Amino acid sequence: MKLTPRDRKLVVAATRARKHCYAPYSRFGVGAALELEGGTIVTGVNVENCSYGLTVCAERNALTTAVGKGLLPGKFTALAVVTEADAVVSPCGACRQVLAEFGAPDTRVVMHNLKSGETQLTTLGALLPHSFTPLSLPR
Ligand code: THU
């Protein structure tokens, strides 16, 4: 897969958002940006807590914000995650499951590392194969 101009725009949005992360404990800032159908971009950052387990990742914060703006299942097209680490970082397992509820297996995931400048591209389906989705439940 090749990086598109839209992917790059999403990385810029996630990078800008990351400046507002609240990560005083890990000092590991994460910015996320979701592209909704129609092109709207919604961002999120990681928000930590002194009760460490209450920390919420940037990806889930972006997703819950998007739902508050009317995002419906199947209607987000891409996600960018931006960090500054020794290697490119991919969404954690909990975020993958939550993203799978609203994305599709072919939803693009763009991971960018500010330290190295490296960008990797994958899909939600590759990050969480055989996922448990709303379609898994009996009707
Ligand atoms: N974090 C994210 O925001 N997204 C991820 O995909 C991985 C981890 C945050 C949680 C915590 O604030 C910090 O990064 C270190 O784990």
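Here are some numbered notes on the predicted model above, starting with the ligand and moving out to the helices and loops.

1. **Ground rules.** Since the model is predicted, local features need pLDDT of at least 70 and side-chain atom pairs count only at pLDDT 80 or more, while totals for chains, interfaces and linings use all residues. Residues are numbered from 1 along each chain as its sequence is written, and side-chain values use heavy atoms, with hydrogens and water left out.

2. **Who surrounds the ligand?** Have a look at the ligand and pick out Ser26, Phe28, Val30, Asn46, Glu48, Thr55, Cys57, Ala58, Glu59, Ser90, Pro91 and Cys92 around it. A residue counts as near if one of its heavy atoms lies within 4 Å of the molecule. Sorted by class, this shell holds six nonpolar, four polar and two charged residues. For that sorting, Ala, Val, Leu, Ile, Met, Phe, Trp, Tyr, Cys and Pro are nonpolar, Asp, Glu, Lys and Arg are charged, and the others, Gly among them, are polar.

3. Glu59 has a side-chain N or O atom 2.6 Å from a ligand oxygen. Asn46 puts a polar side-chain atom 2.9 Å from an oxygen of the ligand. With Cys92 it is a polar backbone atom, 3.2 Å from a ligand oxygen. Taken alone, the ligand exposes 370 Å², and the protein buries 79% of that. Those areas come from the Shrake-Rupley method with a 1.4 Å probe; for residues, only the protein chains shown count as cover.

4. **Helix H3.** Helices (H or I, at least four residues) and strands (E, at least two) are DSSP runs, numbered from the N terminus.

5. **Helix H2.** The buried residues of H2 are Ala58, Glu59, Asn61, Ala62, Leu63 and Ala66. They pack against S1, strand S2 (41-45), S3 and H3. After H2 comes Gly70, with a positive phi near 105°.

6. **Glu35: buried or exposed?** Glu35 belongs to strand S1, and at 6% relative accessibility it counts as buried. Its side chain makes a polar contact with the side chain of Arg6 at 2.9 Å and another with that of Thr77 at 2.6 Å. Leaving out residues up to four places away in sequence, Glu35 touches Arg6, Leu10, Thr40, Phe76, Thr77 and Ala78.

7. **Thr107, a loop residue.** You'll find Thr107 in the loop between H3 and strand S4 (108-113). Thr107 is buried, with a relative accessible area of 2%. A polar atom of the Thr107 side chain lies 2.7 Å from the backbone nitrogen of Ala104. Apart from neighbours within four places in sequence, Thr107 is in contact with Phe76, Thr77, Ala78, Thr122, Thr123 and Leu124.

8. **Positive phi values.** Most residues other than glycine have a negative phi. Arg27, though, has a positive phi near 55°; it lies in the loop between helix H1 (5-18) and S1 and is exposed, with a relative accessible area of 70%. His130 also has a positive phi near 55°. His130 is in the segment after H4 and is exposed at 82%.

9. **One more loop.** Tyr52 is in the loop between S2 and H2 and is exposed, with a relative accessible area of 60%. From Tyr52 to Met111 there are 59 residues in sequence and 25 Å in space, C-alpha to C-alpha.

How values were computed
A polar contact is a pair of N or O atoms within 3.5 Å; within protein, one must be able to donate a hydrogen and the other to accept it, and residues adjacent in sequence count only if both atoms are side-chain atoms. Buried means under 20% relative accessible area, exposed over 50%, partly exposed in between (1.4 Å probe, protein chains only). Contact means heavy atoms within 4.5 Å.
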